[in-house]
Amino acid sequence: MAPKQPSSIEEQCEPESEEGEKTGPGLPSVHPLAYDAPDGGWGWVVLLATIVVLALTLAFPSCISIFYLDLQVAFNATNSETSWVPSIMTSALHVGGPLCSVLVESFGCRATVIFGGVLSGVGMAASSFSNSMVELYITTGLITGLGFCFSFQPAVTILGHYFVRRRPFANAMSSTGTALGLCALPFLGDYLHRELGWRGSFLVLGAVLFNCCVCGAVMRPIMPRKPRNSEAMINGPIAISETGLKVRVLAWIRNFPSSLRRNMAFDLFSSNLRFRCFSLGITWMMLGFVVPLIYLVPYATVNNMDRSKAALLLSIMGFVNIFVRPPIGVLFSLPWFKGRHIYVFSAALVINGLSNSICCIGASFQVLLAYVVVYGISMSVVGSLMFTVMMDIVEMSRFPSALGLLSIMESITLLIGPPLAGKLIDSTQVFTYVFLACSISVTLSALFLMISFYWLDRRDAAQKDNGS
């Protein structure tokens with residue numbers, strides 16, 4: 001049964017701290033123990049909406065690779081210049097994390113997801129009228145990427161509040177959205193490319209992205225059990241009804257700098273060693289994790305593979321993810337894996353990194369098919385466990401701010417990774433060097449995570465034994 005629709009003041013995703021601290025200017029939120037996580041009911045609708053949001057956001061940058069060569073020809077651009085388009089998009093998807101956290105705490109997950117859908121749709125549609133690479137950087141890269149951020153992060157956050165006992169399963173199922181996007185978007189992009197060219201395709205894809213608004217509309221905030229005290233009611237709907245929208249917006253603008261600092265979670269980074277190691281490892285990983293998805297189709301087409309067959313490779317990777325992620329979600333929900341998620345995550349990341357070396361064997365369809373299968377399986381485990389590991393490390397009340405800081409850190413390597421790869425191709429004219437570099441980078445980051453957490457577990461176990 002769906003939770004009761006709360007009043008606007010209660011449309012907050014961020015729980016209140018034990019001391020009753022407010023998470024926004026004049027906007028009280030809910031203590032983690034003051035609401036019941038449905039672990040079902042309307043949560044399944046929210047889960048479905050999150051799947052669609054992730055399909056339209058996280059998987060979208062790989063769809064741009066379908067139009068990679070067209071953009072090169074249209075604007076007479078080098079590999080390095082062209083690669084900035086998906087690079088800026090992916091980086092903006094993450095760099096807006098802290099700003100997104102501020103929007104979530106002030107206006108709620110639902111409104112933020114809808115705003116992100118509008119922003120990404122408008123940005124992608126506007127990019128169809130671009131006349132230079134710089135304009136594409138702004139429309140396709142920055143505006144659309146920020147829209148993705150404002151849709152993706154609140155969707156993941158509210159899902160964590162709807163599911164507690166079934167959280168690993170819910171996270172794994174939501175991550176299939178990326179797989180669905182990898183399946184459908186390359187087919188859609190290839191079809192639109194044949195029928196409409198890149199400009200018409202970008203216009204239609206902009207319309208498709210407006211579906212994030214529909215998904216955001218069903219993300220109802222969870223109704224608290226009861227008001228904590230009379231003061232909370234006074235500072236709640238009554239206070240808002242007396243002030244009005246203008247005063248509320250002005251208060252939000254006035255408190256924006258302090259809210260932004262709070263949502264950067266620097267205190268968590270300095271005090272929580274596990275979160276620090278995880279953040280550094282993921283930042284390192286992102287230097288080479290998404291680059292193969294951007295350059296796989298250009299690598300295949302440059303070596304005389306038909307564009308449709310090259311797009312099929314991305315779709316096969318998506319199908320692998322669809323079939324692998326649900327059983328992985330069920331498996332890792334078992335009690336035995338509690339506390340061991342990081343090691344499974346790191347092992348899958350090692351396999352994912354090493355799989356990139358398969359592309360160095362050749363560019364035939366058979367070789368690349370073997371690559372996308374291995375990459376897809378390992379990617380399934382990585383994608384299913386990433387948010388679960390993070391939720392194991394930090395409290396759920398700090399998850400949005402922790403995700404905001406991690407997103408900022410990721411954005412740096414996500415921004416420089418593809419252009420560096422493009423520079424390597426421009427200077428050597430050899431695509432396989434890119435896949436080899438990605439293999440080394442991702443594998444080393446996985447080993448860093450595995451060794452760091454093993455050392456931390458041993459240290460904590462030794463301190464526990466000494467204390468007893």
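Predicted model: local features only at pLDDT ≥ 70, side-chain atom pairs only at ≥ 80, totals over all residues.
Two packed helices are described by the angle between their axes and the distance between the axes. Helix H14 spans residues 291-302, and helix H17 spans residues 365-393. Their axes come within 13 Å. The crossing angle is roughly 170°. H14 is therefore roughly antiparallel to H17, because angles over 145 degrees count as such. On the H14 side, the contact involves Pro292, Leu293, Leu296, Tyr299 and Ala300. These residues meet Leu368, Tyr371, Val372, Tyr375 and Met379 in H17. By class, the contact of H14 with H17 has 10 nonpolar residues. It has no polar and no charged residues.

A nonpolar patch lies on the surface. Its members are Trp284, Leu436, Ile440, Leu444, Leu447 and Ile451. Together they have about 550 Å² of accessible area. Helix H19, residues 432-467, gives the most to this patch, with five residues. Trp284 lies in helix H13, which covers residues 273-289.

Charged side chains also pair in the model, with a count of five salt bridges. Arg307 lies in helix H15 (residues 307-331) and Asp70 in helix H3 (residues 68-75), so the pair ties together parts that are 237 residues apart in sequence.

Terms used:
Residues numbered from 1 in each chain as written. Heavy atoms only, no water. Axes fitted to C-alpha atoms, helices over the stretch in contact; angles between N-to-C directions. Helix = DSSP H or I, 4+ residues; strand = E, 2+ residues; numbered from the N terminus. Parallel < 35°, antiparallel > 145°, perpendicular 65-115°, else oblique. Contact = heavy atoms within 4.5 Å. Nonpolar A, V, L, I, M, F, W, Y, C, P; charged D, E, K, R; others polar. Patch = residues over 30% accessible without salt bridge, like charges linked within 9 Å, V, L, I, M, F, W, Y side chains within 5 Å. Areas by Shrake-Rupley, 256 points an atom, 1.4 Å probe, with all protein chains shown as cover. Salt bridge = Lys/Arg side-chain N within 4 Å of Asp/Glu carboxyl O.
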